[in-house]
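Hi there,

Here is the structure I promised to pass on to you. Have a look at it first, and then read on for my notes.

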Amino acid sequence: METIQAIRSRRSIRKYQPKTVPHKVIEEIVADAAYAPSWKNTQIARYILVEDRATIDKMAEEIDRKSV
């Protein structure tokens, strides 16, 4: 896909399907993100992957509570 085509065809998603993303796909996305430029090539980004639904729901609840 060409860059211009990607920019012009992008869309916002506000309703997600309840499917899980395979762990291998997430690993590939994070590996590809390492190619993004960073200030002085410091590459300081760190990722924490939470796959447990109960933990995700608890985190979302805490965020909602603190944003009020």
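**What turned up**

Asn41 is exposed, with a relative accessible area of 58%. Before I go further, please keep in mind that this is a predicted model. Asn41 sits in the loop between α2 and α3, and its phi is near 55°, which is a positive value in a residue other than glycine.

Lys40 belongs to the loop between α2 and α3, the latter helix covering 53–66. With a relative accessible area of 65%, Lys40 is exposed.

How many salt bridges does a search of the whole structure find? It finds three.

One of them joins the side chains of Arg53 and Asp57, at 3.2 Å from N to O. Both residues lie in helix α3, four residues apart, or about one turn of the helix. Arg53 counts as exposed at 53% relative accessibility, whereas Asp57 is partly exposed at 41%.

Arg65 takes part in a salt bridge with Glu61, where the closest N and O atoms are 4.0 Å apart. Glu61 and Arg65 are separated by about one helical turn because they are four residues apart in helix α3.

Arg65 also meets the side chain of Glu62 in a salt bridge, with 2.3 Å from N to O. Together, Glu61, Glu62 and Arg65 are linked in a network of salt bridges.

**A nonpolar patch**

Which residues form a nonpolar patch on the surface? They are Val21, Val25 and Ile29, with about 240 Å² of accessible area together. Val21 lies in the loop between α1 (3–9) and α2 (23–33). Its relative accessible area is 44%, so Val21 is partly exposed.

Best wishes

Methods:
Residues numbered from 1 in each chain as written. Predicted model: local features only at pLDDT ≥ 70, side-chain atom pairs only at ≥ 80, totals over all residues. Heavy atoms only, no water. Patch = residues over 30% accessible without salt bridge, like charges linked within 9 Å, V, L, I, M, F, W, Y side chains within 5 Å. Areas by Shrake-Rupley, 256 points an atom, 1.4 Å probe, with all protein chains shown as cover. Helix = DSSP H or I, 4+ residues; strand = E, 2+ residues; numbered from the N terminus. Buried < 20%, exposed > 50% of the residue type's maximum accessible area, 1.4 Å probe, protein only.
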